[in-house]
Amino acid sequence: MGLSNEQLERYSRHIILSQVGGKGQQKILNGKVLIIGTGGLGAPAAMYLAAAGVGTIGLVDYDTVDLSNLQRQIIHQTQDVGKAKIISGQETIAAMNPDVTVHTYDEMVAAANIKDIINDQDYDFIIDGTDNFPAKFLINDACVLLQKPFSHAGIIRFEGQTMTYVPGQGPCYRCVFKEPPPKDAVPTCRQAGVLGVMGGVIGTLQATEALKYILGVGELLTGYLLTYNALTMNFRKVKLPHQKDCAICGEHPTITELTDYEQPTCNLKNKKG
Amino acid sequence: MKVTVNGQTLELEKPVNIEELLVLAKAEQPEYVTVQKNDEFIKREDFAITTVADGDNIEFLYFMGGGAAWD
Ligand SMILES: [Zn+2]
């Protein structure tokens, strides 16, 4: 299937790149990316991936848009307050690019559903845009078990970090951070605050990794943790060795199935149906 | 002696172990920091017995949440 005249024009700045071209743009259009959490990280990631023409985008979120989200979650607008985030996200993407099909999952990822969500469209790449460590470890473990590449990221205050896991090509999140910190031990954005643009910087880096993976170009952040400090404007790539004794991706894994860690206190609010 | 901690040079008067360095370098919530010395992870139980020598490159890696407000 070739590109239509309209697509040739819409994606002309991609197609002119020697690393993309018409073939690469077709790969992007055939690409399937799952974005878990449509908040500070997931919102900009979803928007850039939609604009780029990623043909299938999955959005996972159970939350509704709150006024305090709008300072950074740019996929949602003022009139969306109170609306389900996945619906608001889907509407924004639909208005941006008709080439994109959005699949929505109105739930919080858990051991019981995450494999089904990832397998639903056999997603090529997963973006972790969540804000809690049980979910981050669950996404890591599910991606390792299903052998799916994913981008981890976190932001707080004026700082951010991201790394990319590709099966067999480097460490996973658990190689670096063995297990989730105790509940409420590490502050969240709600507790500590975050400069709105941090999600834009780091979430856009996650989208960049997804596109590079789909295109098969450049070097991914596999084996590196990229850290960014907005106050000093330092970007640093910290080399990460793979851990042979990692509990999930090591030579003798002790984690062979998914389990739910204790959820943070504030997750007690009801899922919106 | 000089060591590098997260890219910044730190002047030390005497050799220290990782546990002491976490305090000296004012690591936030040291009980949850992942530590690397010269590109290798140091196990938490080895913090007290791992000394830092002149020229060592130390990285403190922090848990970072953020993203969707599932907090
Ligand atoms: Zn691992």
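**Chatting through chains A and B**

Trainee: Okay, A:Asp141: buried or exposed?

Mentor: A:Asp141 is buried, because its relative accessibility is 5% and the cut-off for buried is under 20%. Keep in mind that this is a predicted model.

Trainee: Where does A:Asp141 sit?

Mentor: Look in helix H7 of chain A.

Trainee: And which residues does the side chain of A:Asp141 make polar contacts with?

Mentor: One polar contact goes to the side chain of A:Arg174, at 2.6 Å. Another goes to the side chain of A:Asn140, at 3.2 Å. If you skip residues up to four places away in sequence, A:Asp141 touches A:Arg174, A:Ile248, A:Ile255 and A:Leu258.

Trainee: Let's move to the two chains. How many residues of each are in contact?

Mentor: Chain A has 58 residues in contact with 23 residues of chain B.

Trainee: What area is buried between them?

Mentor: About 3,000 Å², and carbon and sulfur atoms give 57% of it. On the chain A side, A:Asp131, A:Phe177 and A:Arg236 lose the most area to chain B, together 18% of what that side buries.

Trainee: How many salt bridges cross the interface?

Mentor: The rule finds three salt bridges between chain A and chain B. One of them joins the side chains of B:Glu59 and A:Arg236, with 2.5 Å from N to O.

Trainee: How many residue pairs are in polar contact there?

Mentor: Nine residue pairs between chain A and chain B, counting pairs with both residues at pLDDT 80 or more. Among the elements giving two or more residues to chain A's side are helix H7 (133-146), strand S5 (150-156) and strand S8 (234-239). S5(A) gives the most, with five residues. By type, that side of chain A divides into 27 nonpolar, 16 polar and 15 charged residues.

Trainee: Now chain B. Where is B:Ile42, and which residues does it touch?

Mentor: B:Ile42 lies in strand S5 of chain B, residues 40-42. Leaving out residues up to four places away in sequence, B:Ile42 touches B:Val35, B:Lys37, B:Phe47 and B:Thr50.

Trainee: Is B:Ile42 buried or exposed?

Mentor: B:Ile42 counts as buried, because its relative accessibility is 17%. Also, B:Ile42 and B:Ile18 are 24 residues apart in sequence, with 8.8 Å between their C-alphas.

Trainee: Switching to helix H10 of chain A: how many residues does it have?

Mentor: H10(A) has 19 residues, 197-215, and reaches 27 Å from its first C-alpha to its last, close to the 27 Å expected. Its buried residues include A:Met198, A:Ile202, A:Gln206 and A:Leu211. Just after H10(A), A:Gly216 takes a positive phi of about 70°.

Trainee: Which elements cover the buried residues of H3(A)?

Mentor: The cover includes helix H1 (5-10), helix H2 (12-15), helix H4 (42-52) and H10 of chain A. The residues they cover in H3(A) include A:Gly21, A:Ile28 and A:Leu29.

Trainee: What about phi in residues other than glycine?

Mentor: Most residues other than glycine have a negative phi. A:Asp122 has a positive phi near 45°, and A:Met233 has a positive phi of about 60°.

Trainee: Where do A:Asp122 and A:Met233 sit?

Mentor: A:Asp122 lies in the loop between helix H6 (114-120) and strand S4 (125-128) of chain A. A:Met233 lies in the loop between strand S7 (224-229) and S8 of chain A. A:Asp122 counts as partly exposed because its relative accessible area is 43%, and A:Met233 counts as exposed because its value is 55%.

Key
Residues numbered from 1 in each chain as written. Chains lettered and ligands numbered in written order. Heavy atoms only, no water. Contact = heavy atoms within 4.5 Å. Buried area = accessible area lost by both parts, 1.4 Å probe. Salt bridge = Lys/Arg side-chain N within 4 Å of Asp/Glu carboxyl O. Polar contact = N/O pair within 3.5 Å; in protein donor to acceptor, adjacent residues only side chain to side chain. Helix = DSSP H or I, 4+ residues; strand = E, 2+ residues; numbered from the N terminus. Nonpolar A, V, L, I, M, F, W, Y, C, P; charged D, E, K, R; others polar. Buried < 20%, exposed > 50% of the residue type's maximum accessible area, 1.4 Å probe, protein only. Expected span 1.5 Å × (residues − 1).
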